[in-house]
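Reader: I would like a close look at one part of this model. Please take me through it step by step.

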Amino acid sequence: MAELKDFASSMAIVVSSCDKFFDAWRPFAFFFRKFWPDCPFPVYLIVNRLRVRSNWIRAINVGKDKGWASNMERALGHVAEPYILYTQEDYFLTAPVDRQRLAADIAYAFTQDAASFRFSGRDPEEIDFVPINDQFGIIPRDSEWRTLCQVTLWKRDVFVSALRPGETAWNMEARGGQRTRDFLALSYARPGGGPIHYLRSAISRGLWTREALALCQQHHFAIRPAFRPSYVSAPASRRFRRAINRVTFALAFAKQLMQPLDLDASP
């Protein structure tokens, strides 16, 4: 039976981010360590100008923020492993990783030469989904959801080939399917059915979601620096809070430039 350590030299975890979300780095690291303390894979965090201090997270400094795809392409040039596990800084783990199932999934993907294996579950509207078993199956080649930017195992070279300079993650989701239609793409059949359970968006439209704040409170984790307001549904109030965030971010960012952000610090 395969174990995660068997793939330690073949896979890396890449955390998509940029400096404007640096307040999410500490909680991301906290929940990652809590729910996957024995992760055997190197973990890379994409940053711009800020510095981080950590015994286990490796920062990849891509310089000036040129957009999601351009930052990612430059970062992946520093990753030697042929496979990556894509995630984002606001995807906080919420439960222990099912190591045995994840190892089996990776082994299956490698054996089948799959280009990607999405662990978040398929979209309910994906009617042509082809089940392989009662857990996961094949994403149709013409599906609009082949390249959703959720936690996904990717062949690094295939992922790079689907990137286009200047595009956002949303562009990748909308357009990347056509670029990967000739590759085998796998996905779990149901949300929450995969080996990695996580909060899919701790930050929405630049603001902390209630779910993220509740998760941090539940685990007695204090978000520091605390400059980002919480999400509200009223558009006018949301615009006001985002305007406030631009000011508070600038102040917090200027201060953080003076010293590394300690990702291993206690809650």
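Is Arg-175 buried, partly exposed or exposed, and what is its relative accessibility? Please go on from there to its salt bridge.

Author: This is a predicted model. Arg-175 counts as partly exposed, at 43% relative accessibility. The residue forms a salt bridge with Glu-167. The closest N and O atoms of that pair are 3.0 Å apart.

Glu-167 has a relative accessible area of 9%. The cut-off for buried is under 20%, so Glu-167 is buried.

Arg-179 is partly exposed, with a relative accessible area of 23%.

The spacing of helix residues deserves a word. An α-helix has 3.6 residues a turn, so residues three or four places apart point the same way.

Helix α2 spans residues 68–76. Seven of its nine residues are buried, so α2 is largely enclosed by the rest of the structure. The buried ones are Trp-68, Ala-69, Ser-70, Asn-71, Met-72, Ala-75 and Leu-76.

Back to the charges. The count of salt bridges comes to 11. One of them joins Lys-155 and Asp-113, at 2.4 Å from N to O. Those two also link distant parts of the chain, 42 residues apart. Lys-155 sits in strand β9 (residues 152–155). Asp-113 sits in the loop between α3 (99–112) and β6 (116–118). Both ends are partly exposed: Lys-155 has a relative accessible area of 21%, and Asp-113 has 46%.

Other charges gather on the surface. Lys-20, Arg-205, Arg-242 and Arg-246 form a patch of positive charge there. Lys-20 is placed in the loop between β1 (11–16) and α1 (25–35). Its relative accessible area is 47%, so Lys-20 is partly exposed.

Definitions and conventions
Residues are numbered from 1 along each chain as its sequence is written. This is a predicted model: local features need pLDDT of at least 70, side-chain atom pairs count only at pLDDT 80 or more; totals for chains, interfaces and linings use all residues. Side-chain values use heavy atoms; hydrogens and water are left out. Patches are made of residues with over 30% relative accessible area and no salt bridge: like charges are joined within 9 Å, nonpolar side chains (Val, Leu, Ile, Met, Phe, Trp, Tyr) within 5 Å. Accessible areas come from the Shrake-Rupley method with a 1.4 Å probe; for residues, only the protein chains shown count as cover. A salt bridge is a side-chain nitrogen of Lys or Arg within 4 Å of a carboxyl oxygen of Asp or Glu. Lys and Arg count as positive and Asp and Glu as negative; His and the chain ends are not counted. The place of a charge is taken as NZ of Lys, CZ of Arg, CG of Asp or CD of Glu. Helices (H or I, at least four residues) and strands (E, at least two) are DSSP runs, numbered from the N terminus. Buried means under 20% relative accessible area, exposed over 50%, partly exposed in between (1.4 Å probe, protein chains only).
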